[in-house]
Amino acid sequence: MRRAPLCNVAPNLWNKLWSSKVLERHKVLWWSILSNALPVRAILSKRMVIDETTCPFCGNGDETMEHLFLYCDLASHLWRSSPWGVMPVVESGARMWDWASFLWNLRTRGVDTDGLFLYASIVVDTIWRARNDKVHNNNMGSLKHYIDSINYCYADYGSSLLKSRQVADTLGWSPPPEDWVKINCDVRVGVESMCVVAIARDHTESILRVATNKLHFSDSLIGEAAACMLALETAATMHHPFVMVESDSKMVIKNLKGVESFWQLENYARQCKHLSTFFTCCNFSYISRNCNFAAHNVAKWAFANNVSGMVEVSTIPSNIFCNDREV
């Protein structure tokens, strides 16, 4: 396995950060980490009196930036699980800038550092989210859950952010990982109205919730965005911490991920981003229309039968929930 050497801090690498192929919120998180602006306990204790300064995960040292993101047992396991096999050397004295520099400098060894830094960004984001969930909610997932989440996000974000990757349509609908809920959504557009639908399923493919909503206008793009918002509203009522939302509208998914911006979707995107903060982890994914037939069929059925609101699954014809054909 490659190990990070002790490197000198290099402030001139800010440009690399701002031009990197990661989500905008990842860049802000890195900026907060590298500027010592993130409110970890060791930093807070220098500004005010606090009762606890130890790491909320392991309790084996003060919660410094380096301990939390590099040397804590959780961080070590997450770095070690990466496809590149990179891992910080415990007690090496390396700072966060040293680690970022080490990752970027692996380009000289033929490493795809765009992909590596995207993966690293998802790791630090996962650690920070897990830390806040532990501190504020006394809740912590399993190591397997965090690793699965990182790998899923990497595949998801990489398909949009890494131009060298070939983006292919999903071959079929797949259930979410254990402990997650996947919500597929779609819209059926009429002449003067439309119906949006959200179907929540778990890792066993069981249907947990079906929600529909009739809207009295007929813009299909806005309808796709409204369907994603309905998906998040439905997830919020379920109080589930780990949520995936799938839509067959590439424009809407790109907008929700922050990859592209469309002024027509701003209000819905703002609401969706607000709703996503209710969850420990929330991912948005594009799915081929040919793999989203269950949501399409339910939207078509609900529109034809003028159904709106939460729907009892037993009242919907079972053949409608097929994923491979239109009914």
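Colleague: What makes both faces of strand β2 count as covered?
Modeller: Met194, Val196, Ala198 and Ala200 on one side are buried, and so are Cys195, Val197, Ile199 and Arg201 on the other. Buried means under 20% relative accessible area, while exposed means over 50% and partly exposed lies in between (1.4 Å probe, protein chains only). In a regular strand the side chains alternate between the two faces of the sheet.

Colleague: What kind of model is this?
Modeller: This is a predicted model, in which local features need pLDDT of at least 70 and side-chain atom pairs count only at pLDDT 80 or more, whereas totals for chains, interfaces and linings use all residues. Residues are numbered from 1 along each chain as its sequence is written, and side-chain values use heavy atoms, with hydrogens and water left out.

Colleague: How many residues of β2 are buried?
Modeller: Strand β2 covers residues 194-201, and eight of its eight residues are buried. Strands (E, at least two residues) and helices (H or I, at least four) are DSSP runs, numbered from the N terminus.

Colleague: How many aromatic pairs does the structure hold?
Modeller: The structure holds eleven aromatic pairs.

Colleague: Why is the pair of Trp14 and Trp97 called edge-to-face?
Modeller: The ring centres of Trp14 and Trp97 are 5.0 Å apart and the planes stand at 80 degrees, so the pair is edge-to-face. Rings of Phe, Tyr and Trp (its six-membered ring) pair if their centres lie within 6.5 Å; planes under 30 degrees apart count as stacked, over 60 as edge-to-face and the rest as tilted. Trp14 belongs to helix α1 (residues 14-19) and Trp97 to helix α6 (residues 96-105), so the pair ties together parts that are 83 residues apart in sequence. Ring pairs also link Trp14, Trp18 and Trp97 into a cluster.

Colleague: How do you classify Trp14 by its relative accessibility of 24%?
Modeller: Trp14, at 24%, counts as partly exposed, whereas Trp97 is buried at 8%.

Colleague: What makes Trp84 and Tyr154 an edge-to-face pair?
Modeller: The rings of Trp84 and Tyr154 are 6.0 Å centre to centre, with 90 degrees between the planes. Trp84 lies in the loop between α5 (73-80) and α6 and Tyr154 in helix α8 (residues 143-161), so parts 70 residues apart in sequence are tied together. Both Trp84 and Tyr154 are buried.

Colleague: What places the charged end of Arg201 over the ring of Trp173?
Modeller: A charge sits over a ring if NZ of Lys or CZ of Arg is within 6 Å of the ring centre and within 35 degrees of the ring normal. The charged end of Arg201 sits over the ring of Trp173, 4.0 Å from its centre.

Colleague: How do you know that Asp114 and Lys21 form a salt bridge?
Modeller: The side chains of Asp114 and Lys21 meet at 3.4 Å, N to O. Asp114 lies in helix α7 (residues 113-137) and Lys21 in the loop between α1 and α2, so the pair ties together parts that are 93 residues apart in sequence. A salt bridge is a side-chain nitrogen of Lys or Arg within 4 Å of a carboxyl oxygen of Asp or Glu. Lys21, Arg107 and Asp114 are linked in a network of salt bridges.

Colleague: What is the N to O distance between Lys182 and Glu246?
Modeller: The salt bridge of Lys182 and Glu246 has an N to O distance of 3.0 Å. Lys182 lies in strand β1 and Glu246 in strand β4 (residues 242-247), so the pair ties together parts that are 64 residues apart in sequence. Both Lys182 and Glu246 are buried.
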